[in-house]
Amino acid sequence: MNRRRIFSISAMTVLGLAFVQSSAVSQQKSLKDQLVGAWTLVSREFTAPDGTKRQGVAGVVGPNPRGILILDASGRYADIAMRPDRPKFKTSGIARLEGTAEEFTAAVQSFGANYGTWSVSEADKTLTRRLEGALIPNAEGTESKDSVSLAGDELKLSWSLDAGGRRDEVYRRAK
């Protein structure tokens with residue numbers, strides 16, 4: 001009788017643990033739900049086809065970047081990145097047309113921005129962004145497809161570039 005009771009208790013315990021595990025799995029958020037929110041840029045690194053690594057992509061960010069990636073629940077996004085040491089215009093005003101051609105060139109070369117729509121492939125763990133507007137007009141109408149790695153409040157995006165090489169970005173969830 002004791003054996004039968006012990007077996008019964010053990011069986012109920014195993015079934016109870018299985019139920020708890022399946023409930024926890026069903027309550028886990030989808031990758032899309034986990035990505036929704038604002039993310040601050042920590043680093044951006046480019047790996048050339050020959051394996052050479054450098055901070056930033058095409059000089060846009062460099063070391064100690066500043067930026068934000070906002071992914072909203074409706075499938076819209078905005079992505080802005082800049083070098084923290086961008087040179088200021090010589091004029092003291094903030095009017096857009098007060099700078100020289102050289103100042104505008106330096107400003108554009110140290111700043112990147114785009115917006116559009118985004119979607120996620122849960123199976124592939126990829127984030128696809130469709131650029132509707134961008135600082136560089138040639139990027140408009142294109143897509144980027146990033147591999148996603150998410151651990152707590154750290155988001156890593158990796159994108160294989162058409163010309164070869166790879167771009168890797170690290171973000172932290174904005175608080």
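The legends below describe close-up views of a predicted model.

**Figure 1. Overview of the chain, with three helices and nine strands.**
Read from the N terminus, the order of elements is α-α-β-β-β-β-α-β-β-β-β-β. The chain has 175 residues, and 26% of them count as buried. Its accessible surface is about 11600 Å², with 57% of that area belonging to carbon and sulfur atoms. When contacts between residues at least 6 apart in sequence are considered, 47% of them join residues at least 24 apart.

**Figure 2. Strand 9 paired with strand 1 and strand 8.**
Strand 9 covers residues 166-173 and pairs with strand 1, residues 37-47, in the antiparallel sense through eight bridges.

**Figure 3. Glu45 of strand 1 and Asp168.**
Glu45 belongs to strand 1. The C-alpha atom of Glu45 is 5.2 Å from that of Asp168, although the two residues are 123 residues apart along the chain. Is Glu45 buried, exposed or partly exposed? Glu45 counts as partly exposed because its relative accessible area is 23%, which falls between the cut-offs of 20% and 50%.

**Figure 4. The largest nonpolar core, with 16 residues.**
The residues with the most contacts inside this core are Leu35, Leu69, Leu71, Val148, Leu155, Leu157 and Tyr171. Two or more core residues come from each of helix 2 (31-35), strand 1, strand 3 (66-71), strand 4 (76-82), strand 6 (126-134) and strand 8. Strand 6 gives the largest share, three residues.

**Figure 5. Surroundings of Leu157.**
Which residues does Leu157 contact once neighbours within four places in sequence are set aside? The contacts are Leu69, Leu127, Arg129, Asp146, Ser147, Val148, Arg167, Asp168, Glu169 and Tyr171. Among these, Leu69, Val148 and Tyr171 are also listed with Leu157 as residues with the most contacts inside the largest nonpolar core.

**Figure 6. Strand 6 between its partners, strand 5 and strand 7.**
Strand 6 is mostly covered, with seven of its nine residues buried. Strand 5, residues 111-121, runs antiparallel to strand 6, and eight bridges join the two. In this pairing, Asn114 has Ala134 of strand 6 as its bridge partner. The two strands form a hairpin with four residues between them, and Lys125 in the turn has a positive phi of about 55°. Strand 6 also pairs with strand 7, residues 143-151, in the antiparallel sense over five bridges. Leu127 stands opposite Asp146 of strand 7.

**Figure 7. The aromatic pair of Phe89 and Phe104.**
The structure holds one aromatic pair. Phe89 sits in the loop between strand 4 and helix 3 (101-109), and Phe104 sits in helix 3, 15 residues apart in the chain. Phe89 counts as partly exposed because its relative accessibility is 25%. Phe104 is likewise partly exposed, with a relative accessible area of 32%.

**Figure 8. Two charged side chains over aromatic rings.**
Lys32 lies over the face of Trp118, 5.5 Å from the ring centre. Arg129 places its charged end over the ring of Tyr77, at 5.8 Å from the centre.

**Figure 9. Gly152 in the loop between strand 7 and strand 8.**
Is Gly152 buried or exposed? Gly152 counts as exposed because its relative accessibility is 61%, and the cut-off is over 50%. The C-alpha atoms of Gly152 and Gln34 are separated by 9.2 Å, and the two residues lie 118 residues apart along the chain.

Conventions. Residues are numbered from 1 along each chain as its sequence is written. This is a predicted model: local features need pLDDT of at least 70, side-chain atom pairs count only at pLDDT 80 or more; totals for chains, interfaces and linings use all residues. Side-chain values use heavy atoms; hydrogens and water are left out. Two strands pair if DSSP finds at least two bridges between them. Buried means under 20% relative accessible area, exposed over 50%, partly exposed in between (1.4 Å probe, protein chains only). Contact means heavy atoms within 4.5 Å. Accessible areas come from the Shrake-Rupley method with a 1.4 Å probe; for residues, only the protein chains shown count as cover. A nonpolar core is a set of buried Ala, Val, Leu, Ile, Met, Phe, Trp, Tyr and Cys residues joined through side-chain atoms within 4.5 Å. Rings of Phe, Tyr and Trp (its six-membered ring) pair if their centres lie within 6.5 Å; planes under 30 degrees apart count as stacked, over 60 as edge-to-face and the rest as tilted. A charge sits over a ring if NZ of Lys or CZ of Arg is within 6 Å of the ring centre and within 35 degrees of the ring normal.
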